[in-house]
Amino acid sequence: MPADGKSGSSKRAAAQRRIAEKRAAEAAARAHAERRRRTVIGSAVAAVLVLVAVVVGIVVQTQRTSAPAKLAIPAHTVDSGYAIPVGTAGAKVTVDLYEDFQCPNCKAFEDASGSTLARFVAAGTVQARYHGMAFLDTAANHNYSTRALNAAGAVVDDAGSTAFQKFHLLLFANQPPETGGGLSDAQLTSYAHQAGATDAKVATEIKDLTFGEWVKASTDQASKDGVTSTPTVLVDGKRLTDLSPAGLTAAVNTAKG
Amino acid sequence: MERNRPVLALWPATLARLVLGGVFVVAGLLKLPDPAAAVRAVRAYRLLPEALVGPVAFGLPVLEIAVGVALVAGVFVRTAAIASAVLLTVFVVAVGSAWARGLQIDCGCFGNGGQVAAGDTAYPAEVARDVGLLIVALALARWPRSRLALGHLITGPSTEKELSRAR
């Protein structure tokens with residue numbers, strides 16, 4: 001009997017083991033199912049949260065970028081206010097220039113070829129149309145790009161294109177370093193006066209960023225025009241790749257026919 | 001058995017999560033303060049119709065932040081890693097196409113409006129960075145388990161069976 005008893009207890013033990021294993025397997029399956037359920041619910045909640053966040057983001061940012069209904073646009077501008085024309089309207093050739101007053105390559109272009117362009121304008125061959133962009137604002141330069149273009153808007157609004165041309169020349173000649181603090185409002189005002197915009201309101205307009213929304217809209221318009229790098233120079237709509245005086249002269253001569 | 005993989009092997013995945021997630025969170029956050037610049041950056045690629053430029057410019061940063069937060073926190077790591085791999089592939093294709101078309105743009109990856117000084121593009125570096133991150137994302141999608149992940153807070157602890165299967 002001892003043998004039988006032993007085999008009986010080992011059978012019992014085996015049966016208990018089987019039961020235990022089965023229970024463990026069931027528990028594992030339940031845990032697995034529970035985990036699955038929580039994963040599915042968690043994923044669904046996360047997906048909905050992300051979707052809601054994306055929609056909220058789109059709505060909020062769309063509202064933030066919608067232009068104000070009343071936009072102060074400087075006088076003496078064309079193209080819905082986004083271009084400042086210099087020179088005779090009937091000139092044979094149109095040269096569009098997209099520039100940021102803080103952009104060093106724009107200064108390099110103005111230093112090298114600005115006077116060539118000015119001669120064409122003075123001769124009545126070319127009408128230059130300046131499109132401002134302001135994308136080099138930093139905290140360090142106290143948003144100089146925006147302040148400079150706003151000041152240019154104030155100058156053309158007050159005193160017209162001749163004053164703008166002088167102001168434009170002065171700002172590029174005295175361009176602050178890109179990592180510097182930008183020109184102060186007082187300096188901008190002083191250059192504006194020097195350029196011929198002498199009305200007292202010019203100082204206020206510079207200080208108050210009166211044309212600030214116009215600056216933003218101009219920058220957007222340049223983007224819509226497909227301009228992404230500065231300076232961009234278009235001679236009768238055709239992009240000028242050789243920005244040297246010789247390149248500009250050749251392109252203008254070709255365009256005038 | 002892989003279950004007995006040394007604990008240390010899970011730390012590289014943690015590092016990958018933090019790097020990839022950190023980059024996505026930062027890239028997304030930097031695009032929020034100046035939505036107008038975000039629009040210009042998307043438009044600069046000249047790939048999307050104007051009607052889609054705004055939604056993409058505003059929706060993408062939110063998506064980037066969501067993916068980044070999931071990776072950093074360690075929840076839905078595999079899904080987030082796959083999503084980031086998809087996004088990075090899109091970025092590589094977009095930047096590559098701008099490069100191939102000779103556009104003069106900044107990728108706008110970390111905010112700013114996509115404009116550059118003429119001749120001042122950085123396509124090789126931008127593509128290299130995105131491809132590097134893509135490799136990290138794919139590795140994380142393949143081996144999502146890591147240390148310091150909070151995923152168990154949502155799903156509960158894993159069973160041994162799942163653990164062995166997950167590897």
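Below is a friendly conversation about how some features of this predicted model get their labels.

User: What should I know about the numbering and the model before we start?
Analyst: Residues are numbered from 1 along each chain as its sequence is written, and chains are lettered from A and ligands numbered from 1 in the order in which they are written. This is a predicted model, where local features need pLDDT of at least 70, side-chain atom pairs count only at pLDDT 80 or more, and totals for chains, interfaces and linings use all residues, while side-chain values use heavy atoms, with hydrogens and water left out.

User: Which elements make up chain B?
Analyst: Chain B has seven helices and one strand, running α-α-α-α-β-α-α-α from the N terminus on. Helices here are DSSP runs of H or I with at least four residues, and strands are runs of E with at least two, numbered from the N terminus.

User: Why is α3(B) called oblique to α4(B)?
Analyst: Two packed helices are described by the angle between their axes and the distance between the axes. Helix α3 (residues 50-73) and helix α4 (residues 77-100) of chain B pack at about 140 degrees, their axes 9 Å apart. The axes are lines fitted to C-alpha atoms over the stretch in contact, and angles run from 0 to 180 degrees between N-to-C directions. Angles under 35 degrees count as roughly parallel, over 145 as roughly antiparallel, 65 to 115 as roughly perpendicular and the rest as oblique. The angle of about 140 degrees therefore makes α3(B) oblique to α4(B).

User: Which residues make the contact, and how do they divide into nonpolar, polar and charged?
Analyst: On α3(B) they are B:Leu60, B:Leu63, B:Glu64, B:Val67, B:Ala70 and B:Leu71, and on α4(B) they are B:Val77, B:Ala80, B:Ala81, B:Ala83, B:Ser84, B:Leu87 and B:Phe91. Contact means heavy atoms within 4.5 Å. These residues divide into 11 nonpolar, one polar and one charged. Here Ala, Val, Leu, Ile, Met, Phe, Trp, Tyr, Cys and Pro count as nonpolar, Asp, Glu, Lys and Arg as charged, and the others, Gly among them, as polar.

User: What makes A:Lys201 and A:Asp157 a salt bridge?
Analyst: A salt bridge is a side-chain nitrogen of Lys or Arg within 4 Å of a carboxyl oxygen of Asp or Glu. The closest N and O atoms of A:Lys201 and A:Asp157 are 4.0 Å apart, so the pair counts as a salt bridge. The pair links distant parts of the chain, with A:Lys201 in helix α5 (residues 201-207) and A:Asp157 in helix α3 (residues 144-173) of chain A, 44 residues apart.

User: How many salt bridges are there over all chains?
Analyst: A search of the whole structure finds 12. Among them is A:Asp111 with A:Lys107, whose closest N and O atoms are 3.3 Å apart. A:Asp111 and A:Lys107 are four residues apart in helix α2 (residues 104-122) of chain A, which means that about one helical turn separates them. A:Asp79, A:Asp96 and A:Arg129 are linked in a network of salt bridges.

User: Why is A:Lys207 called exposed?
Analyst: Buried means under 20% relative accessible area, exposed over 50%, and partly exposed in between (1.4 Å probe, protein chains only). A:Lys207 has 57%, so it is exposed. A:Asp208, its salt-bridge partner at 3.5 Å, has 46% and is therefore partly exposed.

User: How do you know that A:Ser218 is buried?
Analyst: Its relative accessible area is 4%, so A:Ser218 is buried. A:Ser218 sits in helix α6 (residues 212-224) of chain A and touches A:Tyr82 and A:Gly132, not counting residues up to four places away in sequence.

User: Where is B:Gly111, and what does B:Gly111 contact?
Analyst: B:Gly111 lies in the loop between α4 and β1 (116-117) of chain B. Leaving aside neighbours within four places in sequence, B:Gly111 is in contact with B:Leu30 and B:Lys31. With 5% relative accessibility, B:Gly111 counts as buried. Across chain B, buried residues make up 48% of the 167 residues.
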